[in-house]
Amino acid sequence: MINNKDKQLHKHSGHSSKGLLDADKILKEIGLSKGNIFLDIGCGKGYFSLAASKIVGAKGRVYALDIHKPSITVLKTEVNQKQINNIEAYAVDVTQGIFLKDKNVDVCLMANVLHGFTANGEVDMLLKEIDRVLKKKGSFAVVDFKKIASSIGPRLSIRLSEPEVKKIVMPYGFKSSQSIAAGIYHYTVIFYR
């Protein structure tokens, strides 16, 4: 774990994954399906949320959460313009809790954000909340940047390897995990109950 006294906190910035990741492919690989309740934590401008809304359909629901208000405004504008009825987008600080009911979510995703929460020492409350809102058979997926030097993504010092992600997440109610490739710069780790 990074010592917060020795460095500046990571700023959650709301950048988009669009162009770096195939949202449809990743969502299908993590098990999202028609009628599911999907939680997108750190959704940015909603690249994954918009793709998820098509998969879950009219009987499903997408909750898109991000602390970056301008990103949520962009997503809400697109949702309104396209008259999408199954996405609810909120500008919230998820480290202070998630407003959803217990055992309500089928699939939760954090794309390109776990490294920031970890660098800031904010994962404990967040992962406890994810555990609380996930259904008994729910899954939690982390998509993040590979721990390699590149000009895209966060600085190398705060990137997490797949084993590090597993070590962080597994104590929060998950019994198994699966890793899959997610593009040139990314990996996906799926956690199961």
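**Figure 1. Lys103 in the loop between β3 and β4 of the predicted model.** At 46% relative accessibility, Lys103 counts as partly exposed, a class that lies between buried (under 20% relative accessible area) and exposed (over 50%), with a 1.4 Å probe and protein chains only. Although Lys103 is not a glycine, its phi is positive, about 50 degrees. Most residues other than glycine have a negative phi. Helices (H or I, at least four residues) and strands (E, at least two) are DSSP runs, numbered from the N terminus. Residues are numbered from 1 along each chain as its sequence is written. In this predicted model, local features need pLDDT of at least 70 and side-chain atom pairs count only at pLDDT 80 or more, whereas totals for chains, interfaces and linings use all residues; side-chain values use heavy atoms, without hydrogens and water.

**Figure 2. Helix α3 and Gln83, which follows it.** Helix α3 spans residues 69-81, and its 13 residues reach 18 Å from the first C-alpha to the last. This is close to the expected 18 Å, a value defined as 1.5 Å times one less than the number of residues. Ser71, Ile72, Leu75 and Val79 are the buried residues of α3. They cover an arc of only 95 degrees around the axis and therefore lie on the same side of α3; the arc is that of the directions from the helix axis to the C-beta atoms. An α-helix has 3.6 residues a turn, so residues three or four places apart point the same way. Lys69, Asn80 and Gln81 are exposed on the other side of α3. The cover over the buried residues of α3 includes α2 (47-56), β2 (61-66) and β3 (87-91). Gln83 lies in the loop between α3 and β3 and is exposed, with a relative accessible area of 65%. Gln83 is not a glycine, yet has a positive phi of about 50 degrees.

**Figure 3. The largest nonpolar core and the surroundings of Leu39.** A nonpolar core is a set of buried Ala, Val, Leu, Ile, Met, Phe, Trp, Tyr and Cys residues joined through side-chain atoms within 4.5 Å. The largest has 31 residues, and Leu39, Ile98, Ile130 and Phe140 have the most contacts inside it. Among the elements that give two or more residues to this core are β1 (37-41), β4 (105-111) and β5 (134-145). Helix α5 gives the most, with five residues. Leu39 is in contact (heavy atoms within 4.5 Å) with residues including Tyr63, Ile98, Val107 and Val133, not counting residues up to four places away in sequence. Apart from this core lies another, of 30 residues, among them Ala23, Phe38, Val62 and Ala182.

**Figure 4. The buried face of helix α6.** Val165, Ile168 and Val169 are the buried residues of α6 (162-169). Seen down the axis, they fall within an arc of 85 degrees, so they line one face of the helix. These buried residues pack against α4, α5, β5 and β7, whereas Pro163 and Lys167 are exposed on the other side.

**Figure 5. Cys43 and Cys108.** The structure holds zero disulfides, a disulfide being a pair of cysteine sulfur atoms within 2.5 Å. The sulfur of Cys43 is 11 Å from the closest cysteine sulfur, in Cys108, which is too far for a bond. Cys43 is buried at 8% relative accessibility, and Cys108 is buried at 0%.
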